[in-house]
Structures are given as C-alpha cells and as structure tokens.
Amino acid sequence: MSFAFAEPSPSPAAMPPVETSLVERVRAIAQTDLAPVVEAIDHGALYPASILRQLGAAGAFSSHVPAGPQVDLNPAIDAMSEVAAVCGASGFMTWCQSTLVWYLANTENEKLRAAMLERAASADLLGGTGLSNPMKSFFGIEKLKLKGKRVDGGYIVRGALPWVSNIGPHHTFGTIFECADGEKVMIVADCSDPKIELAPCDPFLAMDGTGTYAVHFKDTFVADDLVLAHAALPFVKKIRAGFILLQMGMGVGLIRDCIAMMQQTRTSLGHVNKYLVMQQPEDFAGVLAKLDAQVRELAADPFNTTDAYWREVVQLRLEAGEASVAAAHAAMLHAGARGYLKSHRAQRRLRESYFVAIVTPATKQLRKMLADMAA
Ligand SMILES: Cc1cc2nc3c(=O)[nH]c(=O)nc-3n(C[C@H](O)[C@H](O)[C@H](O)COP(=O)(O)OP(=O)(O)OC[C@H]3O[C@@H](n4cnc5c(N)ncnc54)[C@H](O)[C@@H]3O)c2cc1C
C-alpha cells in the first residue's frame, strides 16, 4: 500500500483571496443567513433589512446599472433567483430594490442619480416601486390614483396607493402622478417626508414580511430634484421591459425549489408520485429550461423598442406566472400530507407562487395586453 502525502495547507493569512461570482455570493447569503429566518418573514414577524443590505454589499442590486447604451439584466435575475429559491417574499423585495435602482440608473436627472443611485445599488438606501396603479392605468385598467400640481421648484402631490412594498420610514420608492393638463410625472418619493403617511396593511396570505404599506400623499411637496422624468410616458417605455424581465428572477427561483421538493419526495413516495401525469420534476425542468433560454435572450437586450420584442417579454412574463403556480401546485401534490404542515415549505411556496401570478402585471393584465396587441 502506498500513501500520498498532502502538502501542508497554507495558513488562512497566506491563502490568496478566492474570487466568487455574484451568484455564489448571493447563494451563500440566501442559504446561510436567509434560510433560518424564512418563516419569520413569511409570518410577517420580520422585515429583513439587514439581509437586503448584505445582498447589496454582495452586488445583487448593482449589476444591472448600465455602463453604456446596453446592459445585460441576466446577472441581476440570476442573483434574484437564488434569493427566491429560498424565500419568495425576499425574492420580491430583491425585485423591488432592483427596480428602484433601475429607475435611478435610467433617469436623466443627474442630480438625482448622484444623490441616490449608488446608495440604492449598495442597499444603503432601501426602497421599491409604486408602479402597479400607473402600469394598470397605461393599459386602460384603472385611473391614476395620484394627482399633482406644478408649483415653483416642484410639484404638490395628493392621493393614495394601496400597496407599496420594501418601504419604511426612511425608504424611497418610484411612482407616477398626473397633472390637470394630463401630463404624467415620475418621481422618487421620500418616505421620511412628514407629508407622506405609511399605513400598515392588513395581514396577507403570503409576502407579509415585505414592508408593505398603503401610502398617502397629503399635499406633499416633491422637489424637482426628486423627479425621475417630467414626461413619464417615454421614460416608462424605456424601463418597462427591464421592470418585467427582472421579475423573472422571482419565478425562476421558485420553480427551481419546487422541482427540488418533487425530487426530494421521490425516495419515499416515488412509487405512487409517478402517477402524477405531466407533473414530474422532469416536466418542470423542461419548462424551466425553456423559460431560462428565453430570459437569457430577452434580458440581454432590455432597451429593444420593437413591438415584437415587447410582445415576447409580455408572453414570457405570463408563462412565468402560470408555470410558478403549476410547479408549486405539483410540489404540493408530491409532498402530500407532510406538505400540508404549516412547518413544510410546500404550502408556503404555493402561497408565494400566486403572488408571481398576481403582482403587476398580473396574469389577467398580461392577457389583456396580449389581446390588445393582437387587435
Ligand atoms: C403583498 C402585496 C404587495 C404589493 N406590493 C406592491 C408594490 O410594492 N408596488 C405596487 O405598485 N403594487 C404592489 N402590490 C399590488 C400588486 O402589484 C397588484 O396590483 C395587486 O396584487 C392587484 O393587481 P390586480 O391586477 O390583480 O388588480 P385587482 O386586484 O383586480 O384590482 C386592484 C384594485 O382594486 C382595488 N382594491 C382591491 N383590494 C383593495 C384593498 N384591500 N385595498 C385597497 N384597494 C383595493 C384598488 O383600486 C386596486 O387598484 C402589492 C400587492 C400585494 C398583495
């Protein structure tokens, strides 16, 4: 018998620093720091500000800041999917923060960029987006809820938004109001302004630890320094594909975990779970691979202005919502009685999956958008 003698390992101080990728860094945070507090977040007992700051320090919110005329959103989506694979609520907050950064990165208001972009990209400044109502209004579903009036040096804004997530007393979020002349203006709202009131929402079925509030603008003065775009519509046209494509990280991560759950139950229940026709992990792995390939292509080109590209983005987002619900439903059937326990993640993933399908643009809105495009 011969023995191989290993070289003595170098002391940690002598070891060269190990380069880790964004995805590896985010996965480590998700699995080490986030996993133990997922239930507290799900029950609404914890808003994970410190984990969001860790994700910011790891670069989760900065890879999609364009350095030139093009940018690839895939690294941001991949990072988000690592978070969503562990916790849907945190995946959503990662999207909220990434979307705030996306607005700041694309504004032509240099003063605002200088004041907030770096702070938001590092998660020193936390926040989100109140664009559900505007996005619905642009597609003829409801009227704009915020009204504004031009005054010296800014606008006075009045009205209320029923839900804005990833906010708190010192947070910010992007939103849109309408002036009497019909002009729409996109701003960053500063929640520390005493004339912006945050009212806690009633408990949700899921996504409860997401720092979600109803927001009341009480004749709030919003200075020009906080204006993302005085003409919101062209700005929205620029950022809308990114807004939607970034959401793919929530769906992809959730589906990945549902496939893992189905595989985990195979050892003990495979002999009967195999009768769940078209609901096997391999079926969903196929769905995921198709979604993933489309995300890779579309997310590499978020400033594409063609109608064909926009239609593909909307279609992909629709499929992601439907596949999330289908995968979580299948994972529940595979898990059986154990998945029905409140301590099992199958039921949490099912509740979270509906959010992928109802957060703006919701399934019904996406179907309306596709129908309108066809007409
Ligand atoms: C947990 C959670 C977090 C959310 N976070 C955000 C966010 O960060 N930013 C954002 O812009 N949107 C947020 N939303 C809203 C979300 O994106 C969707 O707009 C919402 O889920 C409904 O979309 P829908 O298209 O199905 O509209 P529908 O439910 O068909 O209609 C929505 C409209 O119905 C009315 N309405 C229904 N229920 C209520 C209620 N309880 N209180 C007040 N009005 C009501 C309102 O007029 C609302 O605009 C959040 C929703 C939830 C449940």
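Helix α1 passes helix α3 in a right-handed crossing (a crossing is right-handed if the near helix is turned clockwise from the far one by less than a right angle, and left-handed if anticlockwise). Helices here are DSSP runs of H or I with at least four residues, strands are runs of E with at least two, and both are numbered from the N terminus. This is a predicted model, in which local features need pLDDT of at least 70, side-chain atom pairs count only at pLDDT 80 or more, and totals for chains, interfaces and linings use all residues. Residues are numbered from 1 along each chain as its sequence is written.

Two packed helices are described by the angle between their axes and the distance between the axes. For α1 (residues 22-34) and α3 (residues 49-58), the axes come within 9 Å and cross at roughly 160° (axes are lines fitted to C-alpha atoms, for helices over the stretch in contact, with angles from 0 to 180 degrees between N-to-C directions). That makes α1 roughly antiparallel to α3 (angles over 145 degrees count as roughly antiparallel, under 35 as roughly parallel, 65 to 115 as roughly perpendicular and the rest as oblique).

Which residues of α1 meet α3? They are Leu22, Arg25, Val26, Ile29, Asp33 and Leu34, and their partners in α3 are Ile51, Gln54, Leu55 and Ala58 (two residues are in contact if their C-beta atoms, placed from the backbone, lie within 7 Å).

Now look at α4 and α5, whose axes come within 7 Å and cross at roughly 150°. These two helices are therefore roughly antiparallel to each other.

From α4, Ala76, Met80, Val83 and Ala84 meet Gly88, Ser90, Gly91, Thr94, Trp95 and Ser98 of α5. This contact has five nonpolar, five polar and no charged residues.

## Where domains meet

The protein is divided into domain 1 (20-121), domain 2 (127-233) and domain 3 (238-374), with bounds from an automatic or database domain assignment. Between domain 1 and domain 3, 25 residues of the former are in contact with 25 of the latter. On the domain 1 side, α4 (74-84) and α5 (88-106) each supply at least two residues, and the largest share, eleven residues, comes from α5. By class, that side has 13 nonpolar, nine polar and three charged residues.

## The whole protein

The secondary structure comes to 14 helices and eight strands. Along its principal axes, the C-alpha trace spans about 85 × 55 × 40 Å.

How values were computed
Nonpolar A, V, L, I, M, F, W, Y, C, P; charged D, E, K, R; others polar.
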